[in-house]
Amino acid sequence: MTDRRTFLAAALGAIALPKLPTVRVRDRAPSFDPWLEVDADALRHNVAEAARLAGGRPVLAVVKNNAYGLGLSTVGPVLDRLDTVPGLAVVKVDEAIALRDAGVAKPILLMGLSTDEEAVELVSRDVRLGLFTDAAPALLGKLAARFNRRIPVHLDVDTGMNRVGMPYHRALPWMTAIADSNAATVEGTFMTFVEDDAFDPEQLARFVALAREARQQGLTLGRLHAASSHAVFLRSDAYLDMLRPGLALYGAYPGEVTDRAAASLRPAFRLRAQVVRVEQLRAGDSVSYGRSYVAQQPTWIATLPVGHSDGYPRSAVKGCEVLIRDRLYRVIGAVSASHCIVELGSEKTVEVGDVATLVGPDRPEILPNTVAERAGVSVYDILMHLSPLLPKRL
Ligand SMILES: *Cc1c(COP(=O)(O)O)cnc(C)c1O
């Protein structure tokens with residue numbers, strides 16, 4: 001039995017996962033606040049599926065943005081224990097530190113930029129810097145002198161994204177300067193695709209040509225990596241030495257992946273809450289802000305304490321459904337900050353306290369991709385907009 005304080009502490013990342021008892025909630029919940037159930041088996045399954053598609057290559061697991069909403073301190077330790085996962089990757093400094101605080105032992109790659117002061121703390125906590133600035137060779141010199149050892153790093157090469165990364169056309173002298181500093185151990189070299197069918201091959205060609213030339217000059221590049229979830233499904237020529245997916249690990253397919261038979265991803269989370277109110281509308285009664293729903297005849301409705309501030313999309317009223325007691329019910333009216341309402345019909349089929357699944361692999365399943373498609377939003381938003389305050393249960 002886990003008390004409310006422990007749930008809240010876990011939600012806020014204050015307690016490392018290994019110390020948390022495992023709680024499985026199916027039909028009963030201790031609170032009317034909504035919560036997120038994270039399925040460690042599904043996470044492990046999805047990592048294995050990605051690796052299988054790529055002939056057993058290792059999977060650098062991207063856990064940025066609070067593990068795509070599922071919770072850094074919940075997801076991090078699960079992925080950390082997998083043999084197929086050589087490390088985890090984030091974009092923000094605080095997330096790299098939070099992973100260490102959560103007990104993650106494997107290498108963590110920081111793909112964003114840190115200040116020099118932060119870099120000292122990151123190196124002391126064994127976080128790999130993903131380098132891309134002109135200042136990197138000098139910074140490495142200082143760090144190596146301070147720690148009296150070589151600093152393990154990855155080199156981020158920009159092959160056409162023009163977001164972060166060292167532009168490929170001036171990367172060679174930069175890589176040479178890093179090598180000449182004798183201050184770094186280059187464990188990996190990576191790039192990011194723009195995910196455009198016509199341009200991705202050109203990016204890959206630029207990357208491979210650069211890597212070939214660098215190696216001919218005796219530079220060490222470590223593992224080459226480029227494949228996010230999109231490439232895991234759609235670009236097998238970009239698997240290189242290691243995959244770097246995020247989304248797929250949590251059980252969702254990038255929107256462009258229409259053939260989903262190649263891999264059987266399993267949603268790694270459920271968004272759930274208990275029904276807080278069941279009421280019968282009279283003909284002519286309306287529902288929620290804006291009165292967009294008006295009952296034509298006496299109609300039962302149920303209210304769930306989940307809204308757009310929890311991450312459930314406002315546009316769910318365009319056709320999303322919620323599972324309660326083995327049946328799907330349509331979201332009606334408006335999704336407000338902390339509530340949404342479903343139409344039950346002419347019968348009172350649910351009770352206050354029934355557990356509803358808004359996203360999750362129950363039967364009938366409500367896939368993250370289905371919610372995204374019906375709401376007309378990117379599936380990334382369904383995961384990444386989940387509120388960090390949602391209590392996490394493993
Ligand atoms: C987010 C991210 C990934 C993972 O992308 P998915 O599409 O979620 O698989 C990989 N690499 C970088 C640099 C990223 O920012």
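In which helix does Leu172 lie? The legends below take up this residue and several other places in a predicted model.

**Figure 1. Leu172 in helix α8 of the predicted model.** Leu172 belongs to helix α8, which covers residues 171–180. Leu172 counts as buried because its relative accessible area, 14%, is under 20%. Apart from neighbours within four places in sequence, the contacts of Leu172 are Leu210, Glu213, Ala214, Gln217 and Leu219. One of these contacts is Ala214. Along the sequence, Leu172 and Ala214 are 42 residues apart, and their C-alpha atoms are 6.6 Å apart in space.

**Figure 2. The whole protein, for orientation.** The protein has 12 helices and 20 strands. Its radius of gyration is 23 Å, close to the 21 Å that the globule rule gives for 394 residues, so the protein is as compact as a globular protein of that length. Taken along the principal axes, the box filled by the C-alpha atoms is roughly 80 × 45 × 35 Å. Of the 394 residues, 56% count as buried. Among contacts with a separation of 6 or more, 67% are between residues 24 or more positions apart.

**Figure 3. The open sheet of 9 strands.** The strands follow the order β12-β15-β18-β17-β16-β19-β11-β1-β20, and the pairing is mixed. The edge strands, β12 (277–281) and β20 (392–393), each pair on one side only. Within the sheet, β17 and β18 (residues 340–345) are antiparallel and pair over 2 bridges. Ile332 has Ile341 in β18 as its bridge partner. Val331 stands opposite Val342 in β18.

**Figure 4. The hairpin of β16 and β17.** Strand β16 (residues 321–324) pairs with strand β17 (residues 327–332) in the antiparallel sense, over 4 bridges. The bridge partner of Glu321 is Arg330 in β17. How many residues lie between the strands of this hairpin? There are 2 residues between the strands, and Arg325 takes a positive phi near 50°. Asp326 is also found in the loop between β16 and β17. The phi of Asp326 is positive too, about 70°, although Asp326 is not a glycine. Most residues other than glycine have a negative phi. Asp326 counts as exposed because its relative accessibility, 64%, is over 50%.

**Figure 5. Asp126 in the loop between α6 and β5.** This loop connects α6 (116–124) and β5 (127–131). Asp126 is a residue other than glycine with a positive phi, near 60°. Is Asp126 buried, partly exposed or exposed? With a relative accessible area of 33%, Asp126 is partly exposed.

**Figure 6. The cis peptide bond between Arg363 and Pro364.** The bond that joins Arg363 and Pro364 is cis, with omega about -10°. Most peptide bonds are trans. Pro364 is found in the loop between β19 (355–359) and α11 (368–375).

**Figure 7. The largest pocket and its lining.** The volume of the largest pocket is about 550 Å³. Its lining is made by 25 residues, and those nearest its centre are Lys64, Tyr68, Arg163, Thr192 and Ser228. Two helices, α3 (64–68) and α12 (379–384), each supply at least two residues of this lining. What kinds of residue make up the lining? The lining residues divide into 14 nonpolar, 5 polar and 6 charged.

Figure 8. Leu82 counts as buried, at 12% relative accessibility. Leaving aside neighbours within four places in sequence, Leu82 is in contact with Arg44, Val47 and Lys106. The C-alpha atoms of Leu82 and Ala48 are separated by 9.4 Å, although these residues are 34 residues apart along the chain. Helix α4 is mostly covered, with 9 of its 9 residues buried. Among the buried residues of α4 are Leu72, Val75, Val78 and Leu79, and also Ser73, Thr74 and Asp80.

**Figure 9. Glu49 in helix α2.** Helix α2 covers residues 40–53 and includes Glu49. Glu49 is buried, with a relative accessible area of 9%. Apart from neighbours within four places in sequence, Glu49 is in contact with Ala263, Ser264 and Leu265.

Terms used. Residues numbered from 1 in each chain as written. Predicted model: local features only at pLDDT ≥ 70, side-chain atom pairs only at ≥ 80, totals over all residues. Heavy atoms only, no water. Pairing = 2+ DSSP bridges. 1 Å grid on protein atoms, 1.4 Å probe; cavity = no way out; pocket = protein on both sides within 12 Å on 5 of 7 lines; lining within 4 Å. Points joined across faces, edges and corners; volume = space filled by probe spheres on them. Nonpolar A, V, L, I, M, F, W, Y, C, P; charged D, E, K, R; others polar. Buried < 20%, exposed > 50% of the residue type's maximum accessible area, 1.4 Å probe, protein only. Contact = heavy atoms within 4.5 Å. Rg over C-alpha atoms; globule rule 2.2 N^0.38 Å.
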